[in-house]
Amino acid sequence: MRAFSILLSGVLFGLGVTISGMVNPMKVLNFMDLTGMFDPTLVFVMGAGLLVTLLGYRLVLSRQKPLFDDRFHTPSLTAIDARLIFGSALFGIGWGLSGFCPGPAVASLVFGNISSVIFVAAMAVGMVFTRLALPRN
């Protein structure tokens, strides 16, 4: 049942980002182009995502424990430090230059677009490099 719920979550996520247009880098780049071909529709996607997350976390965290584990694994680091700020800025720069957010980029691999493959490969290399170069907290 655990594997099925993981598969179902992934399929739902993939469908959501595909239907919303988040797998299309031009849709994202047009959202960020305030002086040109601005496309405000992703505001609704982000708003819906925030609403679902808010309600989902309230519902899930009201339980004693998750369905398939003995405890919740919430982040232990809460400080806003240079590492978080640098990582956030790097994420934003990558998103702004490529139009890909990591999750939708992985979901877009099913379409066989070479730019998706290049982005995900570069992202994977960056993740491995970061894990090797930076100490874990």
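At 71% relative accessibility, I19 counts as exposed (buried means under 20% relative accessible area, exposed over 50% and partly exposed in between, with a 1.4 Å probe and protein chains only). I19 is found in helix α1, where helices are DSSP runs of H or I with at least four residues, strands are runs of E with at least two, and both are numbered from the N terminus.

The model is predicted; local features need pLDDT of at least 70, side-chain atom pairs count only at pLDDT 80 or more, and totals for chains, interfaces and linings use all residues. Residues are numbered from 1 along each chain as its sequence is written, and side-chain values use heavy atoms, with hydrogens and water left out.

The protein chain has 6 helices and 0 strands, and its elements run α-α-α-α-α-α from the N terminus on. Along the principal axes, the C-alpha trace spans about 50 × 35 × 30 Å. Of the 137 residues, 17% count as buried. Among contacts (heavy atoms within 4.5 Å) with a separation of 6 or more, 42% are accounted for by residues 24 or more positions apart.

Helix α1 covers residues 2-20 and includes T18. T18 counts as partly exposed, at 31% relative accessibility. Leaving aside neighbours within four places in sequence, T18 is in contact with V23 and F111. A polar atom of the T18 side chain lies 2.7 Å from the backbone oxygen of G14. The C-alpha atoms of T18 and D81, 63 residues apart along the chain, are separated by 34 Å.

Two helix pairs involving α2 were examined. The axes of α2 (residues 25-32) and α3 (residues 41-61) come within 9 Å and cross at roughly 100°; axes are lines fitted to C-alpha atoms, for helices over the stretch in contact, and angles run from 0 to 180 degrees between N-to-C directions. The contact is made by K27, V28 and F31 of α2 with T41, L42, V43 and M46 of α3. Not counting residues up to four places away in sequence, F31 touches F38, D39, P40, L42, V43 and M46.

For α2 and α4, the axes come within 8 Å and cross at roughly 110°. These two helices are therefore roughly perpendicular to each other. Here P25, V28, L29 and M32 of α2 meet W95, G96, L97 and S98 of α4.

The largest nonpolar core has 9 residues in all: V17, M22, V23, V28, F31, L42, W95, C101 and A107. A nonpolar core is a set of buried Ala, Val, Leu, Ile, Met, Phe, Trp, Tyr and Cys residues joined through side-chain atoms within 4.5 Å.

The structure holds 3 aromatic pairs; rings of Phe, Tyr and Trp (its six-membered ring) pair if their centres lie within 6.5 Å, and planes under 30 degrees apart count as stacked, over 60 as edge-to-face and the rest as tilted. One of them is the tilted pair F91 and W95, at 6.2 Å centre to centre and 35° between the planes. Both residues lie in helix α4 (residues 82-98), 4 residues apart, about one turn of the helix. F91 counts as partly exposed at 40% relative accessibility, whereas W95 is buried, with a relative accessible area of 16%. F100 and F119 also form a tilted pair, with 5.3 Å centre to centre and 40° between the planes. F100 lies in the loop between α4 and α5 and F119 in helix α6, so the pair ties together parts that are 19 residues apart in sequence. F100 counts as buried at 3% relative accessibility, and F119 counts as buried at 16%.

S108 lies in the loop between α5 (102-107) and α6 (114-133). This serine is buried, with a relative accessible area of 2%. Residues up to four places away in sequence aside, S108 touches V23, F100 and S116.

Conventions
A polar contact is a pair of N or O atoms within 3.5 Å; within protein, one must be able to donate a hydrogen and the other to accept it, and residues adjacent in sequence count only if both atoms are side-chain atoms. Angles under 35 degrees count as roughly parallel, over 145 as roughly antiparallel, 65 to 115 as roughly perpendicular and the rest as oblique.
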